[in-house]
Amino acid sequence: MVGGGDDGTLDVCARVCLIDEDENLLFHAYVHPLISVTNYRYEVTGLTEEHLSNAMPLKEVQEKISQILYNGESTGSEWSDGAKARLLVGHSIKHDLDCLRMNYPDHLLRDTANYRPLMKTNLVSHSLKYLTRTYLGYDIQSGTHDPYEDCVSVMRLYKRMRDLNHEESIEASFSVHRTESFRVDLSSWTKELETMTPDELYQMSTSNYTCWCLDQRQNANTN
């Protein structure tokens, strides 16, 4: 991202990189900004006006990315349900998609910034640099950020989490939760439940956490 707007704080997509599961480069391009760039953020991006002068138009970038994510399928019903689409792995993916002005089905996103086993105990995201150092044992982003290097780190984090068997840790967390729940004043808890609407009760009973190890099982069943 480079900076747009009067103070250069508006994120503008200027470079895109996609790799596959085996870390092969699928697509790389400089992106022609839709608005004037007021801060190239050179210390982080390494980008200058020269890099973007003949860059690919955003619409063409969107088309190429879509072709990759949807395995070359033409637009149609499969686009809406993602039946033939790939999983998209990234760090703060929705922010990237917003800057690309693209949408992608939520159930096909795997975000290392929002995956609970990789988050702080208060469910705040760690940086990709921190996660790479902690879980992969090496440093990234020590100077100018390399989008390919970031892609590789994200993919390795995803595969490491996916290949773990989380069932035992999940069961243990549920056991702790049950133990803690008995310490709550049941009378006050019951009164609080009685004041909730059906929608609030439903939201409270629905988990937004799905273990990535299920991706591995799904692949095994498909193959």
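## A buried arginine and its partners

Arginine 162 is buried, at a relative accessible area of 6%; buried here means under 20% relative accessible area, exposed over 50%, and partly exposed in between (1.4 Å probe, protein chains only). This is a predicted model, in which local features need pLDDT of at least 70 and side-chain atom pairs count only at pLDDT 80 or more, while totals for chains, interfaces and linings use all residues. Residues are numbered from 1 along each chain as its sequence is written, and side-chain values use heavy atoms, with hydrogens and water left out.

The side chain of arginine 162 meets that of glutamate 21 in a salt bridge, 2.7 Å from N to O. The term stands for a side-chain nitrogen of Lys or Arg within 4 Å of a carboxyl oxygen of Asp or Glu. Glutamate 21 sits in the loop between β3 (15–19) and β4 (25–30) and arginine 162 in helix α7 (residues 147–162), so the pair ties together parts that are 141 residues apart in sequence. Helices (H or I, at least four residues) and strands (E, at least two) are DSSP runs, numbered from the N terminus. Glutamate 21 is partly exposed, with a relative accessible area of 36%.

## Other salt bridges

How many salt bridges does the structure hold? There are seven. One of them joins glutamate 23 to arginine 156, with the closest N and O atoms 2.8 Å apart. This pair also links distant parts of the chain: glutamate 23 is in the loop between β3 and β4 and arginine 156 in helix α7, 133 residues apart. Arginine 156 is partly exposed at 34% relative accessible area. Shared partners join Glu21, Arg162 and Asp163 into one salt-bridge network.

Aspartate 11 forms a salt bridge with arginine 41, again with 2.8 Å between the closest N and O atoms. Here strand β2 (residues 10–12) holds aspartate 11, and the loop between β5 (37–39) and α1 (42–45) holds arginine 41, 30 residues apart. Aspartate 11 counts as partly exposed, at 28% relative accessibility.

## Nonpolar cores

A nonpolar core is a set of buried Ala, Val, Leu, Ile, Met, Phe, Trp, Tyr and Cys residues joined through side-chain atoms within 4.5 Å. The largest one has 23 residues, and Val16, Phe27, Val61, Ile65, Leu100 and Tyr104 have the most contacts inside it. At least two residues of this core come from each of β3, β4, α3 (58–69) and α5 (93–100), with α3 giving the largest share, five residues. Apart from it lies another core of 19 residues, including Leu128, Leu136, Met155 and Cys213.

## Aromatic pairs

Three aromatic pairs are present. Rings of Phe, Tyr and Trp (its six-membered ring) pair if their centres lie within 6.5 Å; planes under 30 degrees apart count as stacked, over 60 as edge-to-face and the rest as tilted. The rings of tyrosine 70 and tyrosine 104 have centres 5.3 Å apart and planes at 65°, so this pair is edge-to-face. Both tyrosine 70 and tyrosine 104 are buried.

For tyrosine 115 and tryptophan 212, the centres are 3.6 Å apart and the planes at 5°, so the pair is stacked. Tyrosine 115 is buried at 3% relative accessibility, and tryptophan 212 is buried at 5%. Ring pairs link Tyr115, Tyr158 and Trp212 into a cluster.

## Confidence

The mean pLDDT (the predictor's confidence in each residue, from 0 to 100) of the protein chain is 83, and 76% of its residues reach 70 or more. Over residues 168–186 the pLDDT is below 50. Where pLDDT is low, the predicted coordinates should not be read in detail.

Terms used: Contact means heavy atoms within 4.5 Å.
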